[in-house]
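Subject: Structure handover

Hello,

Here is the structure I promised to pass on. My notes follow below it.

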Amino acid sequence: EPPRHSDPSDPGPGAPGGLFAWLRGRCLGRGAAVDPARDTFGAMTGLYGAIQPADSVSLSTRTHGAVFNLEYSPDGSVLTVACEQTEVLLFDPISSKHIKTLSEAHEDCVNNIRFLDNRLFATCSDDTTIALWDLRKLNTKVCTLHGHTSWVKNIEYDTNTRLLVTSGFDGNVIIWDTNRCTEDGCPHKKFFHTRFLMRMRLTPDCSKMLISTSSGYLLILHDLDLNKSLEVGSYPILRARRTTSSSDITSSGSSGPRAMGSPCHQNNSGPLSEKTLSRPSQREGGSPRNSLEVLTPEVPGERDRGNCITSLQLHPKGWATLLRCSSNTDDQEWTCVYEFQEGAPVRPVSPRCSLRLTHCIEEANVGRGYIKELCFSPDGRMISSPHGFGIRLLGFDAHCSELVDCLPREASPLREIRSLYSHNDVVLTTKFSPTHCQIASGCLSGRVSLYQPKF
């Protein structure tokens, strides 16, 4: 029984309706009794804010290639590094010691690494293949997967079904069944195809797939079913539209997509034909399996010049998506956060837009043509973003509050918590450790730096 209150003006939990009012008030207060992890997260973000550039540890990669991707194992015991010159490097992030170099992991640039569990991980490359590795036996690959016809840039993994999901510049998203993996590979099938595909991500619960394109579109597959392959015209279309800010919600119906080009493609290159996009919305509130929504995300300062969505990340709790966008003229870059909006459309005459711009910040326009991979912290309260020759730690407010606690009515700037500079070249990728207070960054000249507080 909850403790009784001595204040006569307070009815207490024992009064009629008092128990529910007391419980509701306690939950709204989000105290430690409701969510003890919040205090832990607050301490961690405080430590991140205390990190100094001098605390960086430089790891010698012994390679002349750029660092394209960093990935920690789920238990934080291994840091893997994807390098331009066909190498994959492994470090002990606690002792900062080099463990192993996979000198010929692929025949071309290694683009992305993804752990399936604490021992198995996958790598993908410009040689069009995906390789599976086991930390217990790194002298040989578990197997090599063939199926893409162009550079493979992204790897995702559904822990529920043990399906590996990859995407490449051939425009294909391919599903690999690791449950039936042999030395000759895994059974696979083409799941989805769109032109000018850049990045593909799954939400943490694998209920949605997000795909970004170099022509500025963001595609969302709702109520995801990875067991069903999708051909053009076989999925319900949710009318293409522009994302809206809070001030736009009550405005008139959304407009169709703009024809946008990219730095390397022609302008008349939307992911789907206008005939297909002009179908009426096939849902009002609910959505069938694998229903497709096509968005052109709002980017501040864009002024209808078009943009390329080069980096795409998901909030660890599935609340939002994080984009790094560059203008087609390559003179501006932005980091933008978009909140997922669920439920029925606000107005019956216009379909609901699933994303709303909540926070953004302009980035340093250096290293043109290279993709900068940014990331959320494990608790989702901070963002680590490549910024020139270093990284910036960004928060939704000055106190590193959770996104749900500081959602603005209109798009607000991300707050810079701290800037860390220890590289002598453009930083291309950054990653938080999932278990320790540590951040890793890699640059164009091949250097890896670790940031952690000193006591």
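Residues 103–136 have end C-alpha atoms 17 Å apart. This span is 0% helix and 53% strand. Helices (H or I, at least four residues) and strands (E, at least two) are DSSP runs, numbered from the N terminus. Residues 145–177 are 0% helix and 64% strand, with end C-alpha atoms 11 Å apart.

A word on the basis. This is a predicted model, where local features need pLDDT of at least 70, side-chain atom pairs count only at pLDDT 80 or more, and totals for chains, interfaces and linings use all residues. Residues are numbered from 1 along each chain as its sequence is written, and side-chain values use heavy atoms, with hydrogens and water left out.

Now Thr-159. Thr-159 sits in the loop between β10 (152–158) and β11 (163–168). Its relative accessible area is 56%, so Thr-159 counts as exposed (exposed is over 50%, buried under 20%, partly exposed in between; 1.4 Å probe, protein chains only). Pro-204 is 45 residues away from Thr-159 in sequence, but 9.6 Å away in space, C-alpha to C-alpha.

Next, strand β16 (residues 218–222). Five of its five residues are buried. Leu-218, Ile-220 and His-222 lie on one side, and Leu-219 and Leu-221 on the other. In a regular strand the side chains alternate between the two faces of the sheet.

β16 has these partners. Strand β15 (residues 209–213) runs antiparallel to β16, joined by four bridges; two strands pair if DSSP finds at least two bridges between them. Ser-212 stands opposite Leu-218 there. The β15–β16 hairpin has four residues between the strands, and Gly-216 takes a positive phi near 90°. Strand β18 (residues 291–296) also pairs with β16, antiparallel, over five bridges. Here His-222 faces Ser-291.

Last, an open sheet. Four strands run in the order β1-β30-β29-β28, with antiparallel pairing. β1 (57–59) and β28 (427–432) are the edge strands, each pairing on one side only. From one strand to the next, the twist averages 20° (axes are lines fitted to C-alpha atoms, for helices over the stretch in contact, and angles run from 0 to 180 degrees between N-to-C directions). β1 meets strand β30 (residues 448–451) over three antiparallel bridges. Leu-59 is opposite Val-448 in that pair.

Best wishes
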